[in-house]
Amino acid sequence: MYKNLAATLVAACFFLPAAQAQTPAKSTEPIKAGFVYVSPITEAGWTRQHDEGRKAVERALGDQVKTTFVADVPEGADAERVIRDLASQGHQIIFTPSFGYMEPTLKVARDFPNVKFESVTGFKTAPNVAASNARYYEGRYLAGIAAGRMTQSNVAGYVAGFPIPEVLQGINAFTLGMRSVNPKATVKVVWLNAWFDPPKEREAAMALFNQDVDVIAFHTGSTAVMAAAQERGKMAVAYHSDMRRVGPDAQIIAVTHQWGDYYTSRVRAAMSGTWSSGSVWGGIKDGMIRVGEFGPKVPKKVQDEILAQQKRVGSGQLLPFTGPITDNEGKVVLPAGQSLSDAQILNMNYLVQGVQGRITR
């Protein structure tokens with residue numbers, strides 16, 4: 001996943017006396033790292049976790065780094081303007097954690113070849129653009145087990161942003177996890193076509209609760225779905241962050257994203273001149289995804305089961321996308337005993353059996 005400051009420094013040395021060229025002065029200026037966020041920084045959620053990653057960089061590197069962030073930046077032209085501004089202001093590494101930032105990041109990167117860019121959830125790379133993402137579906141599968149154990153109605157809800165492969169992976173893994181312990185379970189999906197819209201998120205959750213849903217998951221950026229579950233006396237799976245402050249009774253489990261170690265390692269690499277482009281797709285094994293933060297309703301037996309399964313996922317013994325898998329139109333996607341390859345997972349374009357809903361195009 002991971003040119004060329006060294007060449008620039010060598011060229012500069014040709015204009016110095018020999019003694020100076022042999023012992024160039026090392027800059028004591030801190031590295032400048034920029035971050036662009038797709039939503040406001042709320043108390044929990046997607047952007048909160050990335051800002052926690054930024055703070056982890058500051059804690060790890062101290063006065064060796066200076067970080068800057070710009071929040072609530074829409075995908076598209078606004079994103080390109082903000083990314084370009086950060087590059088123009090001398091930031092040596094810029095993190096752009098949203099799928100819709102991928103193309104603006106690549107466009108700006110062409111004009112700033114000496115700046116390093118980290119396209120988080122993007123999949124395209126360039127000599128100065130690395131791509132990274134997490135295997136969110138691993139946590140989703142485990143959360144599905146929790147939902148399958150806890151549901152009384154056998155009906156779960158799922159409030160989803162956009163039908164991109166990452167979101168489809170999450171819905172499908174959640175459903176497979178749920179049905180692995182509760183074959184009668186079904187999952188009803190509502191598409192928002194938005195990542196962060198608290199009123200719409202709440203409205204979708206309330207609509208699902210009116211359709212026999214007693215446990216809900218979501219792939220959106222705020223805490224609105226968790227708050228709705230708390231209000232209605234339902235159960236919910238927290239995503240991105242622990243949301244027990246919002247849903248102290250509603251939360252059964254949290255699927256959390258851990259960006260601090262990755263962000264710190266990439267800034268260190270930029271500082272040391274070892275940064276390189278490439279693609280990283282980390283999961284539970286790599287510490288980028290974790291489940292836990294159980295709510296008070298979850299029996300210890302269920303908690304122990306899920307934590308044991310988390311270890312199996314981390315060790316590679318349990319692969320969530322293992323056959324037989326059939327889509328929700330009756331087509332066999334994967335025979336029994338086989339597992340999807342990374343390429344197949346990354347290009348997922350269907351919903352599995354048990355999901356009630358269609359992919360909006």
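This is a predicted model: local features need pLDDT of at least 70, side-chain atom pairs count only at pLDDT 80 or more; totals for chains, interfaces and linings use all residues.
Numbering starts from 1 along each chain as its sequence is written, and side-chain values use heavy atoms, with hydrogens and water left out.

Both strands belong to an open sheet of seven, ordered β12-β10-β9-β8-β6-β7-β15, with mixed pairing. Pairing here takes at least two DSSP bridges between two strands; strands are DSSP runs of E with at least two residues, and helices are runs of H or I with at least four, numbered from the N terminus. At the edges sit β12 (289–292) and β15 (355–356), each pairing on one side only.

Ile-216 turns up again in the largest nonpolar core, which has 115 residues; Phe-117, Phe-174 and Ile-216 have the most contacts inside it. Such a core is a set of buried Ala, Val, Leu, Ile, Met, Phe, Trp, Tyr and Cys residues joined through side-chain atoms within 4.5 Å, where buried means under 20% relative accessible area (1.4 Å probe, protein chains only). Helix α6 (residues 136–150) supplies the largest share of this core, nine residues.

As for helix α10 (residues 260–272), its buried residues include Tyr-262, Tyr-263 and Val-267. Just after α10 comes Gly-273, with a positive phi of about 80°.

Conventions:
Buried means under 20% relative accessible area, exposed over 50%, partly exposed in between (1.4 Å probe, protein chains only).
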